[in-house]
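The entries below follow the order in which I looked things up.

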Amino acid sequence: MKKNLQHIPCLLLCLVMAFIAVGCHDDDGTDNTPDANLDGNLYSGYLMVKFATPTFISNLQSIITPDELYYDGGLHNGLEDESHVTLAHKLNRNTSLGLLQSYLMPLSAYTATLTSVIMFDNAADYDVLVAEVESEQFMTTNNLIMQNVDNGQNFSYIPHMTIAYLKKGCAQKYLSTQPTAPIEMSPQTFFYSITDENGQRQTTYF
């Protein structure tokens, strides 16, 4: 019995060290900053400008093979059915619409020029076929909002109009279809869309 008791101090020391190690691991792995995205939807705000779908884009959509389309039941659902150019995205969903409106120019200022078809292939399981858009007003407004409104965006802003979400590797062949000349587009309305704490999409047009 005495021989077995000699091991107790060693066991206690091991338990204390294990407790300390676990405590350090928890501290290092927890994001305690105010911007922590606790429910996955905090940075779900998208501020956009709606346009009538250019004939060029609707014609391109018509030749995309249905079995090439990518669907995830969320934001990525095959053909884009509401043509728009995003002004700012990954905004804190609790941002007031009034605050965002204070950074906007009049709607008529957001004319845009569709110049070329490109693709985004940085996602793991899908490609995004888009029409690149030129507009100094979009660039200026995006910069102003992203500097002054809480957001989770960590990538360069490229104004564009989404054409379709496609399965990985399927967008490349559609890049050969390009407009013969730049396409001028006039804005129809602003809209702001968020995913709320219940996972429901809420959209306001103004």
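**Entry 1: strands.** I started with a strand pair in this predicted model. Strand β3 (residues 112–120) and strand β4 (residues 126–134) run antiparallel and are joined by 7 bridges. Pairing here needs at least two DSSP bridges between two strands. Strands are DSSP runs of E with at least two residues, helices runs of H or I with at least four, and both are numbered from the N terminus.

**Entry 2: ground rules.** Residues count from 1 along each chain as its sequence is written, and side-chain values use heavy atoms, without hydrogens or water. Local features need pLDDT of at least 70 and side-chain atom pairs 80 or more, while totals for chains, interfaces and linings use all residues.

**Entry 3: confidence.** I looked up pLDDT, the predictor's confidence in each residue from 0 to 100. The protein chain averages 85, and 81% of the residues score at least 70. Residues 1–38 stay under 50. Where pLDDT is low, the predicted coordinates should not be read in detail.

**Entry 4: salt bridges.** How many salt bridges does the structure hold? I found 2, taking a Lys or Arg side-chain nitrogen within 4 Å of an Asp or Glu carboxyl oxygen. E68 pairs with K173, closest N and O atoms 2.8 Å apart. E68 lies in the loop between α3 (55–62) and β2 (84–91) and K173 in the loop between β5 and β6, so the pair ties together parts 105 residues apart in sequence. D127 pairs with K168 at 3.6 Å between the closest N and O atoms. D127 sits in strand β4 and K168 in the loop between β5 and β6, 41 residues apart.

I then checked burial (buried under 20% relative accessible area, exposed over 50%, partly exposed in between; 1.4 Å probe, protein chains only). D127 is buried at 1%. K168 is partly exposed at 39%. E68 is buried at 11%.

**Entry 5: aromatics.** The whole structure gives 7 aromatic pairs. Phe, Tyr and Trp rings (for Trp the six-membered one) pair with centres within 6.5 Å; planes under 30 degrees apart are stacked, over 60 edge-to-face, the rest tilted. Y70 and Y126 are stacked, 4.8 Å centre to centre with 20 degrees between the planes. F51, Y110, F138, F190 and F206 form one aromatic cluster.

Conventions:
Contact = heavy atoms within 4.5 Å.
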